[in-house]
Every structure is written in structure tokens, then in C-alpha cells.
Amino acid sequence: MASISSLGIGSGVLTSDLVDQLVQAERAPTENRLARKTEQTQALISAYGQLRSAITELRLPMRQLSAPDNMKAFSANSSNEDIAVSVDSARANRGTYSVEVTSLASAQALASRDVFADRDLTSVGQGILTLSVGNNTTNITIDNSNDTLQGLANAINEADAGVSAGVIDTGNGFQLVLSADETGTDNAVSISVSGDSGGSDTDNQGLSRFAFNSGMDADSGLNETIAASDAVMKINGVEVTRSTNNFENVIDGLTFDITATGTSIVKVQQDYGAVADRVAGFVDKFNSLQATIDSLAGFNAEAGVGGLLTGDSTVRGIQNQLRQILTRVVPGLEGASVRSLADVGITTNFETGGLEFDRAKFEEQLKNNPDDVTALFAEQGRASDTQVEFVRSGVNTEPGEYAINITQAATQGSLVGSSAVTAPLTVDGTNDELTFQVNGETSVSVQLTQQTYNSAQELADEIQSQLNANNALNAAGSSVQVSVGAGGELTFTSSQYGSESNVSITSLEDGSAYGLSVATGTAGSDVAGTIGGRTAQGDGQVLFLDNGNGGASGLQVRILGDQTGSRGSITFVEGVAERTVDLVTSFVGADGALESRTESLNRDLEQIQENQARLEERIAAYRERLVSQFTAADSLISQLNSTQDYVSQQLAALAPQNNRNNN
């Protein structure tokens with residue numbers, strides 16, 4: 001019998017549509033269950049994502065409040081807009097200052113006296129041009145390749161010598177102009193010539209027409225069109241000089257930017273409102289978090305409907321831990337004037353779970369009890385010894401009281417002259433230069449004013465003045481104190497403490513009259529001692545413990561003075577903001593509760609996908625089995641139908657014969 005090529009041909013009943021209906025009936029319950037579970041799991045992942053975002057938003061304002069410096073804010077204003085002032089609250093203090101700017105800093109400018117007929121063709125002379133700017137000296141070769149006015153300007157610019165050059169078309173010819181890249185007398189330009197092909201090195205012929213120093217006569221080849229000058233200002237009558245018009249930290253925490261001479265009254269005041277704004281920012285973020293939790297995990301008693309995370313243990317844990325921190329008395333502040341957030345006007349609304357902020361009460365407490373309010377929010381170390389300062393804590397530092405014992409005080413590196421200064425002392429071109437190495441990393445060259453010094457103290461004052469104005473030393477944030485010893489010898493002491501602190505003389509001309517020679521000073525020493533009975537490490541004046549040292553792990557303190565033995569104790573207080581930052585980090589971190597819950601849900605999604613794949617395999621097998629069974633049944637029915645047709649035909653064929661026999 002011919003095979004059946006399509007379901008239903010044999011029976012007219014067992015069709016492909018019937019297979020599809022049976023397959024769909026088999027698939028639907030499991031598929032619907034997996035779809036519902038997928039939708040629910042994705043909704044939970046989204047909900048935890050919203051919760052994570054709201055919690056993370058809380059971390060920023062609390063991190064700001066966890067820094068002690070952010071718990072004090074200062075504002076500064078100047079009565080003269082040409083004398084602008086900015087303030088660093090971490091270093092500033094209240095005060096009023098009378099400021100008078102008498103001079104602005106300017107960069108030196110020079111111009112050639114000679115006017116050249118052509119910028120690209122006229123020879124300027126060949127040789128070596130030596131440019132000295134501050135402590136930098138640069139040699140520039142002028143030869144056949146650049147022996148023109150423009151070639152000379154290009155060579156100077158390419159040398160990066162601290163000087164910029166250009167060519168000006170005056171209408172009657174061309175002139176070379178030079179300008180120092182930086183302002184201030186320390187950046188004045190000096191130019192000398194050697195090997196001049198057009199005459200001697202000083203006759204203002206050939207290349208020597210471009211030689212210049214401040215001591216040359218008015219007939220030199222270059223003319224000083226703008227003199228280098230320093231910015232000079234008086235603050236409460238004390239004169240201060242800088243090479244630029246920016247006076248950074250001339251008073252602790254204050255930076256002046258001056259644009260004109262004149263006078264000003266500068267007032268620095270504590271800005272309690274700025275701190276209150278930071279606290280209000282924390283309150284707003286916490287209330288936003290609470291609103292998010294209400295929308296996700298709240299319960300509407302009237303409607304009898306809860307949120308997606310209603311009753312969720314993770315959410316309850318987060319709420320309970322945050323509530324415990326925000327309502328507790330901060331450990332270490334039990335006997336203080338301010339002990340909890342309620343004391344500074346931050347209270348809980350028990351109906352909504354949010355926070356309410358009494359700004360006026362907060363500002364009053366901050367004004368009256370600044371240390372306690374700071375400790376309430378930020379980390380703080382309270383030392384019983386006034387010469388012990390808290391620097392910082394570590395992630396493993398625990399609140400508590402820790403004893404401080406010092407076995408070695410930190411010292412400064414210094415250099416002492418080998419003999420007394422011979423006074424009176426004449427400084428001239430043979431003995432006016434010396435170079436120091438400060439703290440092993442900063443080379444400082446000074447050139448003393450050529451004159452007669454009648455005492456060792458006068459010479460010390462001159463060296464001190466040169467060191468104070470040195471750009472390299474200021475850029476390194478270092479300083480050296482110059483003094484005269486009991487025997488009349490010069491002594492140089494680094495401002496830095498510790499084993500890296502030192503002062504050495506690496507070169508000098510004739511130092512015999514100074515009582516100096518090329519020599520390496522005596523390095524300082526690092527502080528040594530214990531914190532909480534654990535042996536600590538020293539870095540300059542800072543004593544610290546690494547991790548693995550108990551509750552004081554990570555604690556750092558600065559030890560001032562030279563007293564050894566017991567230095568009292570330091571009490572570490574971890575404020576609300578600091579503790580909240582740590583808690584939020586634990587929630588949203590890689591090993592946190594939210595990450596763990598989200599990972600679990602993602603695994604559930606993967607399992608659902610695997611179940612979906614298995615369902616597809618099972619349904620495919622089920623369909624194949626149905627088709628096989630239907631095909632077999634259809635074939636059988638087709639055979640039966642064929643047999644029926646055959647029997648019917650045979651019976652029909654016999655019918656006439658039977659009729660004849662009956663007749």
C-alpha cells in the first residue's frame with residue numbers, strides 16, 4: 001500500500017492541527033509557570049537594583065560628612081575685587097586682614113636695538129648663544145642653518161629655555177623680541193655669547209648684538225622694554241613677595257589672586273550654613289532611600305496589598321542596621337555635650353520612618369560644641385597629650401582608647417658648618433654661589449648679594465632670604481632654617497622630620513670664610529614607640545600600626561616635641577557618617593547582602609532558562625511521539641478503509657447474481 005505523506009489523509013481526524021493542539025496543551029502549564037517565575041525574578045532583580053541605587057546615593061553625602069575637615073567651613077570675602085581671595089576650609093581660621101598690594105609680578109621683555117632689513121635673509125652672526133633663566137642654562141648654536149633673524153627666533157623657541165622669541169615687522173624693518181615665560185625677578189633673562197663670528201663676544205657686533213644682562217650699559221644690543229618684577233603685598237603690615245600674582249597659602253588656608261595694586265579688607269568667617277547644607281543633603285538622601293523602601297516593601301493595610309519586597313529579610317536587615325547607627329549614642333561620646341543625632345536636631349519621624357532636620361538647632365550646636373559635633377559625624381582621635389595629634393584611622397581601626405608610648409622622638413636633618421664665619425665678610429663674584437641638596441631630592445642653588453656682611457647673623461639672614469624665595473624649594477613644599485650656632489658657625493636645618501630629612505652642600509665657590517665646605521649633613525630620625533601596647537612604625541613624626549595589630553590596626557598619630565616615655569592615650573571615635581559609609585559599602589560591595597541576593601536571583605534566571613530548554617526538548621520529543629503514533633494509526637485506518645472499500649465492492653458485485661437466482 002502506498003505510504004501516507006501527510007497526517008489525516010488516512011483518517012481525516014488525526015491531523016497536524018490536532019498534534020499542535022495536544023502539544024500546546026502539554027506545553028502551556030509548564031511554560032506559563034516558567035514565564036511567571038521569570039517575570040517575578042526579573043522584577044525582584046529590578047527592585048534590588050533600585051534599592052542598591054538609593055543606598056549608594058546615601059554614601060556620597062555621608063562620605064563628605066565623614067571627613068573632619070568638611071565639618072568646618074569658612075568663607076572669605078575681599079572688599080576689593082582686584083584682590084581676590086579663596087579659602088581652604090581644612091586649613092583656614094577666622095580672622096580679619098588688612099591687605100595692600102604695592103606691586104604686580106611681571107615677566108621680563110627684551111627687544112633688539114638693531115633693526116634688520118629682512119627676517120629670512122639678513123645674517124645675524126654665528127656662534128653660541130647662552131640663555132640663563134633662573135637656575136636653568138641653555139646653549140643654542142647659531143650656524144649656517146639658522147643664521148637669520150627668524151632662524152634665531154625659531155632656535156630660541158625650540159630650545160625650551162624658559163624664553164619665547166618672535167620677530168616684529170615695525171614697518172621700517174624687523175626686530176627680535178624676547179619675553180620670559182614666567183614672571184618674577186627669579187626668572188629674569190641673562191644672555192651671553194661665545195665664539196661670535198662677527199667680532200668679539202661683547203662688542204655688540206654680530207651675534208653679540210643679542211647679549212644682555214642687567215649689569216650691561218645702555219649701549220648693549222638688547223633693550224629691556226619690561227623689567228622683571230615680583231608681586232609684593234603687605235598683610236597687616238608684613239611684606240610678602242612672590243614671583244607670580246598668586247599668593248598661595250600665604251596665610252593658612254587663604255590664597256590671593258591679584259590683578260591690580262590697591263588695598264582691601266579680607267574677612268574670614270566660619271560658615272555654619274555650608275556645613276548644615278551638607279547635613280541636609282544627607283537627610284534628603286536618607287529620606288529618598290526610605291521612600292524607595294516604602295514603595296518596594298511597604299504594605300497598604302486598607303487595600304491589603306504589599307510591595308514586591310514586603311517581608312523581605314534583606315530589606316529588614318538594611319533598615320535595622322541603619323536605624324541602629326542613626327539612633328544610637330556614638331561610642332566614646334557618652335559623656336559629651338553632643339552624643340547622638342537627636343542632640344543636633346536630626347530626629348526620626350516614626351510614622352514615615354524618615355528623618356526631620358532642625359537646621360537652627362544644628363547650627364547652634366556646631367557653634368557651641370564644634371569638636372563634639374565633628375566627632376558625632378566624622379572620625380576623630382582625642383589625645384590626652386596636647387602634642388599628640390590624630391592623623392587618620394584604617395578600615396580595621398575599632399573605637400576605643402589606646403595608650404601611646406614613645407621610645408624615640410623624631411628629629412630633623414641638619415648641617416653644621418665646620419668653623420665660625422669670618423666677619424666682616426665680603427661676598428663678590430668669587431664666592432657668591434653655593435648649592436644645597438635638601439631631603440635627598442631637591443637641588444637648591446642660591447646666589448648671594450655681593451656686599452660686605454658685618455656679622456654671621458647678617459650672612460645667615462641673606463642665605464635665609466635666598467632659600468625662602470627659591471622656586472625649587474617652594475615647589476617641593478620644603479624649607480630650610482638658617483641659624484648661627486653658639487660658636488659662630490652656620491647651621492642649616494630641614495623643616496622635614498624623619499630619616500629622609502637632611503641638608504647637604506653639594507657645591508660652593510670659596511666657602512672658607514663661611515666656615516663651609518662640600519659636606520653631607522646628619523639625617524633626621526623617625527619617631528618610634530607603641531600604640532595600644534603594639535610596636536608601631538615611624539615615618540617622620542607619624543607613628544602608625546599596620547593591619548593585624550588588634551583594635552588599633554591602621555591608627556596613625558603625629559608625635560610633636562621631643563619627650564619620650566608615656567604620652568598618654570588617644571581615644572578613637574567613629575562617628576555616624578563614617579560608620580554609615582562602611583555599612584553602605586558592606587551592603588553594595590562585592591560580598592554585600594544586595595550583591596548576594598542579586599547573584600542568587602540571576603542563578604534562578606539561569607535555572608529557569610535551563611528548565612525552558614529542557615521543556616523544549618521534552619515537547620519536541622512529545623511532538624515526535626505524537627506524529628509517530630498518529631502516522632501509525634492513520635496508516636491502520638487507511639488500511640481498514642481500503643479493506644472496507646474492497647469488501648463493499650465484492651458485495652456489490654455479488655448482488656446481481658443473487659437477484660437472478662432469486663428470480
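The sections below take up the basis of the values, the salt bridges and a charged patch.

## Basis

This is a predicted model, in which local features need pLDDT of at least 70, side-chain atom pairs count only at pLDDT 80 or more, and totals for chains, interfaces and linings use all residues. Residues are numbered from 1 along each chain as its sequence is written, and side-chain values use heavy atoms, with hydrogens and water left out.

## Salt bridges

The count comes to 11 salt bridges (a side-chain nitrogen of Lys or Arg within 4 Å of a carboxyl oxygen of Asp or Glu). One of them joins Arg 618 and Glu 26 at 2.7 Å, N to O. Arg 618 lies in helix α10 (residues 593–662) and Glu 26 in helix α1 (residues 16–66), so this pair ties together parts 592 residues apart in sequence. Helices here are DSSP runs of H or I with at least four residues, and strands are runs of E with at least two, numbered from the N terminus.

Asp 385 forms a salt bridge with Arg 567, with the closest N and O atoms 2.8 Å apart. Asp 385 sits in the loop between β20 (380–383) and β21 (388–392), and Arg 567 in strand β35 (residues 565–573), 182 residues apart. Both Asp 385 and Arg 567 are buried (under 20% relative accessible area; exposed is over 50%, partly exposed in between, with a 1.4 Å probe and protein chains only).

## Negative patch

Asp 428, Glu 433, Glu 509 and Asp 510 form a negative surface patch (residues with over 30% relative accessible area and no salt bridge, like charges being joined within 9 Å). Glu 433 belongs to strand β25 (residues 433–438) and, at 39% relative accessibility, counts as partly exposed.

Notes: Patch = residues over 30% accessible without salt bridge, like charges linked within 9 Å, V, L, I, M, F, W, Y side chains within 5 Å. Areas by Shrake-Rupley, 256 points an atom, 1.4 Å probe, with all protein chains shown as cover. Lys, Arg positive; Asp, Glu negative; His and termini not counted. Charge placed at Lys NZ, Arg CZ, Asp CG, Glu CD.
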